[in-house]
Amino acid sequence: MANRIPRVPMREQDPALRAKNFEEVSHGYSAEEAYLEASRCLHCSNPRCVAACPVHIKIPEFIYQLNEHNEMGAYVIISQDNSLPSVCGRVCPQEKQCEGACILGIKGEPVACGSLERYVGDWAIRHQDELPHPQINKNGKKVALIGAGPASLACATDLAKYGYDVKVFEALHQLGGVLVYGIPEFRLPKEGVVEKEVQWVKGLGVEFENDVVVGRTFTIDDLLDKMGYDAVFIGSGAGLPKFMGIEGENLNGVFSANEYLTRANLMHAYDCEYNTPIYLGKKVVVVGGGNVAMDAVRTAKRLGAESIIVYRRSEAELPARAEEVHHAKQEGIIFKMLTNPVKIIGDDKGTVVGMECVEMELGEPDSSGRRRPVEKPGSNFIIDCDVVIMALGTSPNPLIKQTTKGLETNKHGCVVADEEGATSRPGVFAGGDTVTGAATVILAMGAGRKAAKAIHEYIQNKS
């Protein structure tokens, strides 16, 4: 019977309304909706969804508890492997991970694992005072973590459970890394979700110190040699934006998606009660096709601009989540596929007035497996615009490499680490975007968890 019940859809704001506000797009399941969706799970003996989850949440087990109307039991199971269920339920690419592996998806629609995880996480936030905390036996050792993003939060959680004194050093004034500066409020509420789940991590005894730039305030060598830490985890992400190197990128009105989203998200530029400047623009072009590009273009739309995505491949090759592309189209975002910028045009005051582009066509597959875009000769045309946002990916800030002797990095500036997160420096581990370059929240969390286990083994073997 389970496979005959249709998937329960998530209720959403009307597109015409949400395109003008920063309230969350999806409303989440009610209890009745969650119980009905949970009843669809087949509870496979060899659950492919668990193997496909980067942190290996015991998905059929928590769904079984939901099917029994036992939210606390479901939360206890999820929290064994994931300290940020409300976050992950919202931003994970479930269609490529747990839900993509669900056997129901072969002939129909997979179980909505992500929506159910979000439901449990939101329930836990509302009942935070009732949640059980693990019994922690302190071992007298201490570990420093750099950056308070998802990789460090996952690593800190497991290290705290192992009994370490854990301190996280964050450069910005708010905790959460990309969760607070990179993902818009309409996809991930900050006060209602991110701050609450970070608070749970604090409840494990993890300490946080803001406004600390490791490499300037002090170095990794200082942490190990002078400050008494037994190991260090680098989870500082990838915040250095990439540009195309075309003419006009230094004009007024050209932004990296990082800067644009940080102003809008972390500095509350979307909120009229905050006096934070952001260059609004009347016609905004976002270059790129990933989730960050969708976040930027949908933010610009909500700030009142006509908003356009320019991407050099076809829609089939868009790396963004299908859900984000669907939501963007519903909200009136214009997509110009098979289009590549060659020049940004400015006026005599040095301000953007347009962008020259060329049409592309798809050739043979490249190293990524996607068909390589090839320029059509003589196809140049101009898009009128007053803001250009480059959403072309990011790489790690080079500061830590420059101030840490013997720390190997690759040609992209990413820290080189093995599968468990060990770097070329003994006692120094790394994970998340600082190793892989910009990737997903859940992959960063999986790397953080692996590193926590490796750090534990390293310190125990050293003792």
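## Before you start

The structure is a predicted model. Have it open as you read, and look up each residue when it comes up.

## Aromatic rings in pairs

F429 is buried, with a relative accessible area of 4%, whereas Y458 is partly exposed, at 24%.

## A ring cluster and two charges over rings

Ring pairs also link F169, F218 and Y229 into a cluster. Y229 has another neighbour to look for: the charged end of K142 sits over the Y229 ring, 4.5 Å from the ring centre.

Now turn to the open spaces. The second largest pocket holds about 500 Å³ of space. Its lining is made up of 27 residues, and the closest to the pocket centre are M10, S26, S115, R321 and E323. What is the make-up of this lining by class? There are 13 charged residues, 8 nonpolar and 6 polar.

Several helices take part here. At least two lining residues come from each of α6 (85–91), α8 (113–126) and α15 (322–330). Of these contributions, α15 gives the most, with 4 residues.

## A look at R321

R321, one of the residues closest to the centre of the second largest pocket, is found in the loop between β8 (306–310) and α15. Is R321 buried or exposed? Its relative accessibility is 6%, so R321 counts as buried, the cut-off being under 20%. The R321 side chain reaches the backbone oxygen of C92 at 2.9 Å.

## The largest cavity

The structure holds 3 cavities of 30 Å³ or more. About 120 Å³ of space lies in the largest cavity, which is lined by 13 residues; C53, I57, Q94, C98 and E117 are the closest to its centre.

Which helix supplies the largest share of this lining? That is α8, with 3 residues. Both α4 (59–67) and α8 supply at least two residues each. By class, the lining of the largest cavity has 9 nonpolar residues, 3 polar and 1 charged.

## The second largest cavity

The second largest cavity has a volume of about 70 Å³. Among the residues that line this cavity are Y75, S83, P85, G121, A124, I125 and W200. The lining also includes Q128, L131, K196 and E197.

Helix α8 turns up again here: α8 and α11 (190–202) each supply at least two residues of this lining. Sorted by class, the residues around the second largest cavity divide into 6 nonpolar, 3 polar and 2 charged.

Technical notes
Residues are numbered from 1 along each chain as its sequence is written. This is a predicted model: local features need pLDDT of at least 70, side-chain atom pairs count only at pLDDT 80 or more; totals for chains, interfaces and linings use all residues. Side-chain values use heavy atoms; hydrogens and water are left out. Buried means under 20% relative accessible area, exposed over 50%, partly exposed in between (1.4 Å probe, protein chains only). Rings of Phe, Tyr and Trp (its six-membered ring) pair if their centres lie within 6.5 Å; planes under 30 degrees apart count as stacked, over 60 as edge-to-face and the rest as tilted. A charge sits over a ring if NZ of Lys or CZ of Arg is within 6 Å of the ring centre and within 35 degrees of the ring normal. On a 1 Å grid over the protein atoms alone, a cavity is a set of points where a 1.4 Å probe fits but cannot get out, and a pocket is an open set with protein on both sides within 12 Å along at least five of seven lines; lining residues have an atom within 4 Å of a point. Grid points are joined across faces, edges and corners, and a volume is the space filled by probe spheres set on the points. Ala, Val, Leu, Ile, Met, Phe, Trp, Tyr, Cys and Pro count as nonpolar, Asp, Glu, Lys and Arg as charged, and the others, Gly among them, as polar. A polar contact is a pair of N or O atoms within 3.5 Å; within protein, one must be able to donate a hydrogen and the other to accept it, and residues adjacent in sequence count only if both atoms are side-chain atoms.
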